[in-house]
Each structure stands twice: as C-alpha cells, then as structure tokens.
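I opened a new notebook page for this one and went through the fold piece by piece. My entries follow, in the order I looked things up.

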Amino acid sequence: MHLGAYPRIRLGHFPTPLEFMPNLTKHLGGPNLYIKRDDCTGLATGGNKTRKLEFLVAQALEQGADTLITQGAVQSNHARQTVAAAAKVGLQCKILLEQRVTEATDEYEHSGNVLLDRLLGGEIVGRYPAGTDMQQEMEKLAAELRSAGHKPYVIPGGGSNPVGALGYVGCAQELLNQSFETGLRIDHVVHATGSTGTQAGLVVGLRSSNSGIPVYGVSVRAPKDKQEENVWKLVQATVDYMGLPTSSVERADVVANSDYVGDGYGIPTDSMIEAVRLTAELEAILLDPVYSGKGMAGLIALIRSGHFKKNENVVFVHTGGAVGLYGYRQLF
C-alpha cells in the first residue's frame, strides 16, 4: 500500500500518542489497556475526522472547489473539524445539521461543537428533522451553489467514503509502526463505530498488512447487522479504490457490537456516564458522550465479561469529541 500516491494536505499533528492506561487497567483487573490518542490530532480540539479530511480536502482543492458542504448531527465532531479544515485552506464551509436527539437542551443546541462551528466561520445552513435524507439535501444545496457560480465539494457525513477511509488506512500503518518501535504486541483494537469510515479504514489497513490484529467496533447508532453491512460495503469500496486484491479483506473481519447504543444516537446511557467518569478520574483523559464514551463503555463491559485474556494488550482508539461534553453538562 502506497498512500503517498493519493493527494493529501497536512492538517493534523501526527503520529498521535499511543499511551498505556495503568490506572484503568488496574481498576478493571483485565487486559493491559492502551489508548491511541486521536483526540490529539490538533485541528480545532482534534478528533478522528482530521485524518479523513487530509485526503478529502486535498481532493477538493485539486478539483478547484471554493466551498465545502457537509452534514452531521447537531453536536457533530465531523462538522466542526470540516469547518476548521476549510478555515485552514481558505474555503467557505456550509453545514447541515440533523436533529437526531429529541428533547435536547439549550446547551446541546447551541454550546460545544455548535459554538465552535460558528466561531470557526462555518455557516449552519439549516437544521433538519431526524430521518431526513441528508445526502439529498447536500446535493440540492450544491446544485444551488453551482447555479450561482460556485464550485462546491460535498463531503458525506463523517467523511466516510473511500477517500476519507484512507485516513484510517494510514492510522493502521501508524499504529503498526508504533507497535514495532515500542515492542508492543497489539492483540486487539477497539473503537466507537458510527459513519463507518474509521472502522473500514482500520480493517483495510490492518488486514491487508497481514498484521493479524482484529478490529472490534462498538456501534453508537445502528443495529449490529446494519452497522456491519455498512462497514463491509465501505471496506469493499476502499479496497477497490486502492486497487488491492479483493481477497485482502474478508467479511468476517468486520465486527460490530450494538449492545451499548442505549435508546439511540446521542442519547445518554448509564454505562457511558460511568465510562466517561472513570477515564477522566483515573487517567485524566476526556472522552465524549456520543462516540468514545459509548465505545469505552463497550470495552469496559467486554472486560468485565471476560471477553479478553488478562495478559492481552488492547488498544482503544480515542476518536475525540470531548468538546461535546459541554452540550451534556447536566449529566456530569
């Protein structure tokens, strides 16, 4: 795999740290826990979307775009990082927000990521009811902008297409390099999975490198079967985009667990609150309430159930988003 063959613009701070979590490891009495700090990518408080945007924005610039368009939930980490990326390279950015969380507080609607969207110069075009075909709405806006003489570039929610997934193929390579340099045997990688780009990229990167390291996604939105199928579709599209052998990744390599979603996307759970508190109090690491909090809740539950062996080394990929805590202040 030669990622240098693809257009990329540097937006983040890489490699991100790979840290041992001794206190959480001791508290849970389970496997050795490590954390890949993709909350430290540096772009407007960081997060996993920065890796994807390095490839997506590069393609946008190559195509002569003057405006980025994307969508996400109201407290979207992806939207915030896209606005920040646009600011860095001098593009306009328009975002469409889907109101997936019912009975949201004023803080959820206006604080956290929403505050930063505006501060970074993004334009919130509108807020749409849950279930809206957001891709269709973005395409409508793009058509209007083209009619007005602009050159928009549409980025799917979460930056999750084959171009964006390249960012996490790169992360997989980075992780393997850190494993080699530190002498750390990585037995499992666990992370929160939502729009699928992070998991698809990690699966392609780790599997096609013959690392033997399984990727375990903890879903924050879709049921298990649907989440796995969505990830698998993007895995196949990414393999095809990169010109890799179709046999380089198998369907069995895509694993998602949806037991920790709770009542739905962005809706708090007791296990998420415990996970956020434990990680903060024991390791001084801030998770977010929508993605990494539920991902860590899943990891904690798996440890408690004996899913991992005590001497195994488990890496949790922190996808960022702690600024979203401000939208959930009443929980903490």
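**Ground rule.** Before reading any strand partners, I noted that two strands pair if DSSP finds at least two bridges between them. I also reminded myself that this is a predicted model.

**Overall shape.** The C-alpha trace spans about 60 × 50 × 35 Å along its principal axes. I then checked the radius of gyration: a compact globule of 332 residues would come out near 20 Å, and the protein has 19 Å, so the two agree. Of the 332 residues, 59% count as buried. I looked at contact range too: among contacts between residues at least 6 apart in sequence, 80% join residues at least 24 apart.

**What the record says.** UniProt, in an unreviewed entry, annotates residues 9–320 as "domain: Tryptophan synthase beta chain-like PALP". Over that stretch I get 45% helix and 17% strand, with the end C-alpha atoms 20 Å apart.

**The six-stranded sheet.** I traced an open sheet in the order E1-E2-E10-E7-E8-E9, with mixed pairing. E1 and E9 are the edge strands, each pairing on one side only. From one strand to the next the twist averages 30°. Inside this sheet I picked the E7 and E10 pair: E10 covers residues 313–318, and the two strands run parallel over four bridges. Which residue in E10 is the bridge partner of valine 189? I found valine 315 there. Helix H8 packs on this sheet and touches E7, E8, E9 and E10, its direction making about 160° with that of E7.

**Histidine 191.** I stayed in strand E7 for this residue. Is histidine 191 buried or exposed? Its relative accessible area is 0%, so I logged histidine 191 as buried. Leaving out neighbours within four places in sequence, I listed its contacts: Thr198, Gln199, Leu202, Val215, Tyr216, Gly217, Val218, Phe316 and Val317.

**The four-stranded sheet.** The other sheet I followed is open as well, with the order E5-E4-E3-E6 and parallel pairing. Its edges are E5 (123–129) and E6 (152–154), each pairing on one side only. The twist here averages 25° from one strand to the next. I wrote myself a reminder that strands of a sheet pair through backbone hydrogen bonds, either parallel or antiparallel. E3 and E4 pair in the parallel sense over seven bridges, with isoleucine 69 opposite lysine 94 in E4. E4 (residues 92–99) also pairs with E5, again parallel, over six bridges. In that pairing I found glutamate 98 opposite tyrosine 128 of E5. How many of the seven residues of strand E3 are buried? I got seven of seven for E3, residues 67–73.

Lysine 49 lies in helix H2, residues 49–62. Buried means under 20% relative accessible area; lysine 49 has 8%, so it counts as buried. Beyond its neighbours within four places in sequence, I see lysine 49 in contact with His78, Gln81, Gly158 and Ser195.

**Helix H9.** I ran a length check on H9, residues 224–242. At 1.5 Å a residue its 19 residues should span 27 Å, and the end C-alpha atoms are 27 Å apart, which agrees. The buried residues of H9 include Gln227, Val231, Trp232, Leu234, Val235 and Met242. Among the elements covering the buried residues of H9, I noted helix H7 (162–182), strand E7 (188–193) and helix H8 (197–208). Just after H9, glycine 243 takes a positive phi of about 70°.

**Proline 7.** Last, I went back to the segment before strand E1 (18–20), where proline 7 sits. At 33% relative accessibility, proline 7 counts as partly exposed. Proline 7 touches Glu54, Phe55, Ala58 and Glu62, not counting residues up to four places away in sequence. I also checked proline 7 against valine 83, 76 residues apart along the chain, and their C-alpha atoms are separated by 20 Å.

Notes:
Residues are numbered from 1 along each chain as its sequence is written. This is a predicted model: local features need pLDDT of at least 70, side-chain atom pairs count only at pLDDT 80 or more; totals for chains, interfaces and linings use all residues. Side-chain values use heavy atoms; hydrogens and water are left out. Axes are lines fitted to C-alpha atoms, for helices over the stretch in contact, and angles run from 0 to 180 degrees between N-to-C directions. UniProt positions are given in the numbering used here, feature names are shortened, and annotations may be inferred rather than shown by experiment. Buried means under 20% relative accessible area, exposed over 50%, partly exposed in between (1.4 Å probe, protein chains only). Contact means heavy atoms within 4.5 Å. The expected span of a helix is 1.5 Å times one less than its number of residues. The radius of gyration is taken over C-alpha atoms; the globule rule is 2.2 Å times the number of residues to the power 0.38.
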